[in-house]
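User: I have a model open and want to go through some residues with you. Can we keep it quick?

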Amino acid sequence: MMDGSRQQRQRRGSPAPGRPRTVPIAVTPEGFWCCPSPAALHKSLLKNPHHHHHHNAKQAPTPKTPSAPPSRAPSVQTATSVTDDVDDPAPAVADHHHSQAAAEAPAPATPPQHKVCVGFGRPETSDLTVVLYGKEGVAVSMSVHRDVLAQSSAFFARRLAADGQPCVEIHDCEDAEIYVETVGLMYCDDGANKHRLLKQSVPRVLRVMKAADALGFPACVRSCLDYLEAVPWAGEEEERRVVSSVRRLQCTDGAGVSPLLRRVASSDSGCLRPPADTFAHITEMVLASTDERGRRETKALVLSLLKDSTRGHVGGGADGSPPTPGISSSETLYGSCRGCLDRLRRLLAEASSEPAYSAAVARRIALEADNLVWLVEMLVASQRACDGFVALWSGQAELAASHAGAPAASRHAVSRVTARLFVGVGRGEMLPPRDARLRLLQVWLQPLIDDYAWLQRAGGSRPAAFDRRLVEDGIGQTILTLPLEDQRSLLLAWFGRFLKLGDDCPNLQRAFEVWWRRTFVRLILTRVIF
C-alpha cells in the first residue's frame with residue numbers, strides 16, 4: 001500500500017515528457033469552446049515550472065488543472081489541449097518541431113509559439129486540419145471536416161479546390177478566438193446559429209460577423225444581421241459601430257442589410273436625418289403646447305438636439321465623412337416667427353383696448369413671447385441664421401406702439417425678445433447690418449427701459465429668465481457698433497432716463513465710458529498730435 005502511494009507520488013513528481021497539458025478554456029453561455037485569450041493562456045503556462053525550467057535536470061511537478069466541461073452544443077464536441085514547444089508531437093504544424101540541439105541552445109529573443117488544439121464533430125472522422133496563427137505566438141490547430149467547411153465557406157471552398165493538402169494555414173489572424181467559434185457555427189444549421197447568438201453581446205456578434213464575412217460564410221452573416229436588427233443598441237457609439245460594420249460587409253446580397261439600416265435611415269431618402277417637414281411638424285407641436293412643464297422640457301430637448309446636429313453639419317464626421325445636411329430650415333423657423341408675431345400683435349391690441357389687467361391675456365402674451373425667444377435660440381443654433389430676425393423685429397413699429405399702450409403687467413414679457421436680440425448682437429451671435437441695429441435701438445430700446453423694473457422682478461424667481469448684467473452689456477455693445485454720432489444721441493438719451501429711474505433703468509455706464517474716451521480723450525490726443 002505504501003509502495004503504491006510512493007509510486008504515485010513519484011509519478012506525480014516527474015511527468016512524462018511530451019504529454020499534452022489541459023488548460024482552462026473560455027466557454028460561451030451557449031457552451032461553445034473558444035480559444036483562450038493570450039493573457040489566460042500565458043497565466044496557465046506560468047503555472048507549469050517545466051515550461052520555464054525545462055533545461056534543469058530536476059523538474060518541478062506539473063500541477064493538475066481541471067478538464068474543461070463538455071460542450072452543450074449538440075453538434076460540436078471539443079477537446080482542447082496545450083503543448084509546450086519542445087514536447088509537441090503533432091505533425092500538423094511543422095513550426096512546432098524542435099530538435100534536442102535546439103532545446104539546448106539559448107532561448108531566442110522572440111517568444112515561442114504555443115499551440116491550442118480544437119476538434120469539431122467526430123474527431124475520428126476528421127480529414128482536414130486548419131491552423132490559425134494569431135497574436136502573441138498563439139497557434140490554434142482545428143481538426144475539422146473538409147465537406148462541412150467547403151459547403152459553408154467560400155474561402156475554404158476556394159482553398160480546398162486549389163490545394164488538396166490536408167492542412168490549411170491562416171496567418172496573421174487578428175481574432176483567433178472568434179474564428180474558432182465561427183468555424184464551429186459551420187456545423188450548425190441557421191436556426192441553431194440564431195439560437196447561439198441570443199445570449200451574446202452586440203460587440204461580440206460584430207466580431208463574429210466580421211470573421212464570417214472574411215471566411216465567406218453568408219449563413220452566419222445573415223444570422224448576425226437578424227440578431228442586430230432585433231436587439232436594442234446601447235448608445236450612439238454602439239450604433240455607429242453597428243452601422244459601420246454592416247456597411248463594410250461583402251458576402252451579402254443586401255437583403256439583410258436594408259432592414260437593419262432602416263432603423264437609422266429613411267428608406268426613401270437614404271440619409272441619416274429626418275425630412276424638413278418632420279422638423280416643421282415638431283416645431284409647430286411645441287409652439288401649440290398648453291402644458292407649461294411639457295413645453296419647457298421639449299423646448300430644451302429640441303434645442304439641444306438641434307445644436308448637436310448643427311455641430312455635426314459644420315464639422316462633418318469624426319472619421320472624415322462629409323457633414324450631414326442640417327435638419328432645420330430657416331424658412332420653416334421664420335414662418336413660425338411670423339405666426340407668433342401675428343398672434344402677438346392681436347393680443348397686444350386686445351390688451352391695449354382693455355383698461356383693466358387681464359390675467360388670461362397676459363398669459364397668452366407671455367406664451368407667444370416665450371415661443372419667439374425659443375425660435376430665436378433655434379435660429380442662433382442654425383449658424384447665424386438669426387440676422388434676418390433682427391431686421392424683422394426692428395421693423396415692428398406697429399407692434400411697439402401697441403406695446404406702449406398695453407399694461408406693463410401684460411406687455412413686459414415681449415421685452416424679453418428684445419433683450420435676447422441685444423445679447424446676441426453684443427456676443428457676436430448675430431451680425432445684422434448697421435441699419436437693422438440702429439432701428440432695433442430706436443424702436444425697442446425705450447419699450448425695454450419702460451419694462452425694465454418688471455423684467456427684474458419677473459426674473460427674481462427664475463434667474464435664468466433675465467440676466468441684468470448680460471442684457472446691459474449687450475445693449476452697450478450694440479450701441480458701440482454704430483457710428484459715433486448715433487452713439488452720442490442714444491447714450492445721451494439713456495443718460496437722461498438713468499438720472500430719473502436709477503435701478504429701474506439699464507446701467508450702460510461701461511458703454512458711456514467708451515463713448516466718452518472716443519469723443520473727448522482721442523479728440524484731445526488728435527489735436528495734440530496734429
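User: Which helix is Arg 204 in?
Analyst: Arg 204 is found in helix α9, residues 202-214. Keep in mind that this is a predicted model.

User: Is Arg 204 buried or exposed?
Analyst: Arg 204 has a relative accessibility of 14%. Buried means under 20%, so Arg 204 counts as buried.

User: What does the side chain of Arg 204 make a polar contact with?
Analyst: The side chain of Gln 200, at 3.3 Å.

User: And how far is Arg 204 from Ile 178?
Analyst: C-alpha to C-alpha, they are 8.3 Å apart in space. In sequence they are 26 residues apart.

User: Switching to salt bridges. How many does the structure hold?
Analyst: The structure holds 20 salt bridges.

User: What does Lys 299 pair with?
Analyst: Lys 299 forms a salt bridge with Asp 370, and the closest N and O atoms are 2.6 Å apart. Lys 299 lies in helix α14 (residues 292-315) and Asp 370 in helix α16 (residues 359-381), so the pair ties together parts 71 residues apart in sequence.

User: How accessible is Lys 299, and how accessible is Asp 370?
Analyst: Lys 299 counts as buried, at 6% relative accessibility. Asp 370 is partly exposed, with a relative accessible area of 26%.

User: What about Arg 411, which partner there?
Analyst: Asp 451 forms a salt bridge with Arg 411, with 2.8 Å between the closest N and O atoms. This pair links distant parts of the chain, 40 residues apart. Arg 411 is in helix α19 (residues 408-411), while Asp 451 is in the loop between α21 (434-450) and α22 (452-458). Both Arg 411 and Asp 451 are buried.

User: And Arg 497?
Analyst: Arg 497 forms a salt bridge with Asp 450, closest N and O atoms 3.0 Å apart. Arg 497 lies in helix α24 and Asp 450 in helix α21, so the pair ties together parts 47 residues apart in sequence. Arg 497 is partly exposed at 27% relative accessible area, and Asp 450 is partly exposed at 34%.

User: Which residues do shared partners join into one network?
Analyst: Asp 175, Glu 177, Glu 181, Arg 204 and Arg 207 are joined by salt bridges that share partners.

User: Back to α24. Which residues form the nonpolar patch on the surface?
Analyst: Leu 492, Phe 495 and Leu 499, with about 290 Å² of accessible area together. Phe 495 is found in α24, residues 484-501. Phe 495 is partly exposed, with a relative accessible area of 35%.

User: Now strands. How do β3 and β4 run?
Analyst: Strands β3 (residues 128-133) and β4 run antiparallel, joined by six bridges. Leu 128 stands opposite Val 144 in β4. The two strands form a hairpin with four residues between them. In the turn, Glu 136 has a positive phi of about 55 degrees.

User: How many residues of β4 are buried?
Analyst: Six of the seven, so β4 (residues 138-144) is largely enclosed by the rest of the structure.

User: What is the phi of Asp 172?
Analyst: Positive, about 55 degrees, although Asp 172 is not a glycine. Most residues other than glycine have a negative phi. Asp 172 lies in the loop between β5 (167-170) and α7 (176-185). Asp 172 is exposed, at 72% relative accessible area.

User: Last one. Which residues of α18 are buried?
Analyst: In α18 (residues 397-405), the buried residues are Leu 399, Ala 400, Ser 402 and His 403. Seen down the axis of α18, they fall within an arc of 160 degrees, so they line one face of the helix. Exposed residues Glu 398, Ala 401 and Ala 404 are carried on the face turned away from the buried side.

Terms used
Residues are numbered from 1 along each chain as its sequence is written. This is a predicted model: local features need pLDDT of at least 70, side-chain atom pairs count only at pLDDT 80 or more; totals for chains, interfaces and linings use all residues. Side-chain values use heavy atoms; hydrogens and water are left out. Buried means under 20% relative accessible area, exposed over 50%, partly exposed in between (1.4 Å probe, protein chains only). Two strands pair if DSSP finds at least two bridges between them. Patches are made of residues with over 30% relative accessible area and no salt bridge: like charges are joined within 9 Å, nonpolar side chains (Val, Leu, Ile, Met, Phe, Trp, Tyr) within 5 Å. Accessible areas come from the Shrake-Rupley method with a 1.4 Å probe; for residues, only the protein chains shown count as cover. A salt bridge is a side-chain nitrogen of Lys or Arg within 4 Å of a carboxyl oxygen of Asp or Glu. A polar contact is a pair of N or O atoms within 3.5 Å; within protein, one must be able to donate a hydrogen and the other to accept it, and residues adjacent in sequence count only if both atoms are side-chain atoms. The arc is that of the directions from the helix axis to the C-beta atoms.
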